[in-house]
Amino acid sequence: MDLLVTNMEKHHIIPVWFFVGVMLLAYGLLILGSGLAEWSNPPHTVLAELHAPVWWGGLLTLIGGAYVAAFRPKT
Amino acid sequence: MTTERMISLGPVDLAIIVLYFLMVLGIGFYLRRFAQSGEDFFLAGREMTAWVAGLSFLSANLGSLELLGWAGASYQYGILAAHWYWIGAIPAMLFLGIVMMPFYYISKTHSVPGYLQLRYGPSASALSAISFALMTILMSGVNMYAMAVVMKVVLGWNIHFSIWVSSLTVGIYVASGGLFSAIFNEVLQFFLIWFGALLIPILGLIETHGWAGMVARIQQNFPGQDFTHAWSTLGSAQDNPMGMHWTGIVFGLGAVISMGYWTTDFLVVQRVLAAKDLRSAKLAPIIGSFFKMAVPLIVILPGLIALAVLPDHLVPQGSAIAGQHTYDDVLPLMMARYMGPGLLGLGITALVAGFMAGMAGNVSAFSTVWTYDLYRPFLRKAAPDAHYVSMGRWCTIIGLIISIGAAYLAMGFTSIMDYVQALFSFFIAPLFGTVILGMLWKRTTAAGGFAGLLVGTLSSVGMFLIVKFNPEALSLIAMSTHAKAMAEDMYRALWSWILCVLVTIVVSLMTKPKPESELVGLVYGATAIPSEGNLPLIQKPIFWAGVAAALLVLLQWIFW
C-alpha cells in the first residue's frame, strides 16, 4: 500500500476555509464598526483606551477577506 | 431571563450570536446533498485533508467545558494545569499518528469498536460499543446542561431556552450533513475560539507589563505559593496545590489517561478516520499537536493573569457565598474585564460554538457506533446502505432527545451526572490497554481482550465507588492522603490499565490465538506498514512528529 494513495474526491464541496473566511469577514466588519462607533466614548473596560475592537476587528476583516478571496467557489 | 448576570450583551453582540446560528444551519442544509451514502454520512466520505481532519480532531476536544474548566483549574493549580495540554496530550497524539493510525486506517474500520470487532470479535466490540454509546449520550446531556447553566450565570438566559435552541440547531445540522457537518462546524469553532479568546492574554500581559510583571503580582497577591513552575514543585505531593507527585503526571496522565483518550476515544479518532489518505491520517494528529501545545495561551494564561489582576480571590465551587465568584468564573470575568461590545459577542459565540460542537461530536459518534457496531451486527445484518444512513439520521435526533432527558436529569441530580462524567474518562484507560495489546502483540486472543477490558472497566468503577463510600481508601489508591480529585483520577486510571493489561496477557497465554493470516492489516508484525516512499523529509509525518516532540521538551525546560 502506498502512503500517497488518495481516495477519489467524490464531491465538489465548497472548501470549509471559504466558510471560515465569510464568518471572520462578517465578524471583523461588525467588530471594527462597533469599535469605530465607540471611539470617542469607549466602554468601561480595562485598557479601553487601546481601542482593541478597532485593531482586532481590522485583523479579522483582513484574514477573513483573504480567505474569502483565496477559497471562493470557482464557477 | 433573569436580572442576575455577569455580562450584558448589546445589539452587536446579539447580531454576532444570531449570525453564528444562521451560518451553522446554512452549512448543514448545504452539506445534506453530499451525505447520502454510509461512508459519506458516518465518515465524511473519507476525503478530508490533513489540515481539516487535524483541526477538527483538536476541536472535538476543545469544548467550552474544557475552556472554562481549565481556566478555572489554572487559577486554582497554576501552570500545573498546562500538563494536560503538554505531556498529557502531545506524546499520545504523536503516538496515534505514527504508530496506531496505520492499523486503524488500513483495516478500513469505521470506529474503534469496529476495530475491536475485527481484532477480537463481537464480545469485546459490543462491550466497548455499549459503554461508549451510553456514556457518550449521557455526556452530551451533561454538556447541554452545563452550557445552559453557564449561559444562565453569565448572561442571565433561561435554562430551557438554551437547552432547546442549542439541541434543535445541533440536531438539524448533524442529521442533515452527518460527519461532514460536524467537521465543518468544528473547524469554524476552532477559529472562533482562538479569535474569541486570544485577546484576553494579549491585553492581560499588556496590563501586567509582561510575564515577569505577572509573576511579581501573583507573588504579591499569594505570598509563599508557586503557581508558575510546571515541574520543580512535583517532587512531593505536599509541595504543590494539586497534591500531585510527578509519577502521577508522567505515568497516570502521560502514559495512560492521555494515551487512552487520544488514541481510543472514538469521538476524536473518528475525525482522523475521515482523512483522504494514510499520510493525511498520520499528519492530522501531528498538526493538531502543534495547536494543542499552544492552547495554554488562551486557557492557562488567562487563569494566571487572573491571579495577578483580579481584585478579589475566587473560591471553590460550592463554598461561594453571595457576591463571590468561583474558579470556573475566571474566563467570563476576564472577558468582562477586557472586552466591550462586539468583542464580547465574539467571546460568547466562541463559548456557545464550543458547547454545540461538543454536543454534535457526541451525537455523531453515538449514531455511528449505534448504527455500525450495535444495530448492524446484532439487529439487522444485511440491509441496504440507505437504510443505515436513515438509521444514522434518526439516531442523531433520538440521541439528542435522550441527551435532553439526561440534561433535565442532571438538573435534579447534579452529583450523579458529575460521577458519569468522571467515570467516562476512566472507561478509556482499560480500553487503551485492550487496543494497544491487540495492535502490537499477535498472541493476544479474543478471550484475553474481552476479559481484560471487562476487568479493567469494572475495577475502574469499583475503585471510584470504594473511595466515594470510604474516603480513607484514597491513600491506598492515590498513594497519598494529600491527593486531590485529579491525582486520584490519574492513579485510578493507571491501576485499571495495569489490571486490564495483566488479565489480557494471562488469559491470552491460556487460550488459542488467531492464525496470523487473520491478523493481516490489524497487528504489528502481521501487517506491511506502508512506506513513506520517496517523499522529501519535509513532507514526512515522522519529521513533523520529531519537531513537535522537540518543541514539547523545550516548553518543559522553559517552564520547569
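**Close-up 1. K442(B) and its partner E516(B) in the predicted model.** K442(B) is partly exposed in this predicted model, at a relative accessible area of 30%. It pairs up with E516(B) in a salt bridge, and the closest N and O atoms sit 3.4 Å apart. K442(B) comes from the loop between helix 18 (414-440) and helix 19 (446-469) of chain B, while E516(B) comes from the loop between helix 21 (485-510) and helix 22 (541-558) of chain B, so the pair ties together parts that are 74 residues apart in sequence. E516(B) is partly exposed too, with a relative accessible area of 43%.

**Close-up 2. A salt bridge between R271(B) and E186(B).** Here the side chains meet with N and O 2.7 Å apart. R271(B) belongs to helix 12 of chain B and E186(B) to helix 8 of chain B, so this pair links parts that are 85 residues apart in sequence. Are these two buried or exposed? R271(B) is buried, at a relative accessible area of 0%, and E186(B) is buried as well, also at 0%. Over all chains, the count of salt bridges comes to four.

**Close-up 3. R46(B), a loop residue with a positive phi.** You'll find R46(B) in the loop between helix 2 (38-43) and helix 3 of chain B. Its phi is positive, at about 45 degrees, even though R46(B) is not a glycine. The residue is buried, with a relative accessible area of 2%. R46(B) also makes a salt bridge to E39(B), with the closest N and O atoms 3.7 Å apart. E39(B), for its part, is partly exposed at 36% relative accessibility.

**Close-up 4. Helix 3 of chain B and what surrounds it.** Helix 3 covers residues 50-59 of chain B, and nine of its 10 residues are buried. Among them are V52(B), L55(B), F57(B) and L58(B), along with G54(B) and S56(B). What do the buried residues of helix 3 of chain B pack against? From chain A there is helix 1 (16-37), and from chain B there are helix 5 (90-106), helix 8 (159-197), helix 11 (246-264), helix 12 (266-273) and helix 13 (278-294).

**Close-up 5. Where chain B meets chain A.** On the chain B side 53 residues are in contact with 38 residues of chain A. The two chains bury about 4,000 Å² between them, with 78% of it on carbon and sulfur atoms. How many salt bridges does the rule find across this interface? The count is zero, though six residue pairs are in polar contact between chain B and chain A, both residues at pLDDT 80 or more. Helix 1 (residues 11-32) of chain B gives the most to the side of chain B that touches chain A, with eight residues. That side splits into 36 nonpolar, five polar and 12 charged residues.

**Close-up 6. Y104(B) in the largest nonpolar core.** This core has 220 residues, and Y104(B) and F191(B) touch the most other members. Setting aside neighbours within four places in sequence, Y104(B) is in contact with residues including L96(B), V112(B), Y115(B), V269(B), L273(B), V435(B) and M439(B). T109(B), T263(B) and T264(B) are also in contact with Y104(B).

**Close-up 7. H51(A), a positive phi in chain A.** H51(A) sits in the loop between helix 1 and helix 2 (52-71) of chain A. Its phi is positive, at about 55 degrees, and H51(A) is not a glycine. At 15% relative accessibility, H51(A) counts as buried.

Note on methods
Residues are numbered from 1 along each chain as its sequence is written. Chains are lettered from A and ligands numbered from 1 in the order in which they are written. This is a predicted model: local features need pLDDT of at least 70, side-chain atom pairs count only at pLDDT 80 or more; totals for chains, interfaces and linings use all residues. Side-chain values use heavy atoms; hydrogens and water are left out. Buried means under 20% relative accessible area, exposed over 50%, partly exposed in between (1.4 Å probe, protein chains only). Helices (H or I, at least four residues) and strands (E, at least two) are DSSP runs, numbered from the N terminus. Contact means heavy atoms within 4.5 Å. Buried area is the accessible area (1.4 Å probe) that two parts lose on being put together, summed over both. A polar contact is a pair of N or O atoms within 3.5 Å; within protein, one must be able to donate a hydrogen and the other to accept it, and residues adjacent in sequence count only if both atoms are side-chain atoms. Ala, Val, Leu, Ile, Met, Phe, Trp, Tyr, Cys and Pro count as nonpolar, Asp, Glu, Lys and Arg as charged, and the others, Gly among them, as polar. A nonpolar core is a set of buried Ala, Val, Leu, Ile, Met, Phe, Trp, Tyr and Cys residues joined through side-chain atoms within 4.5 Å.
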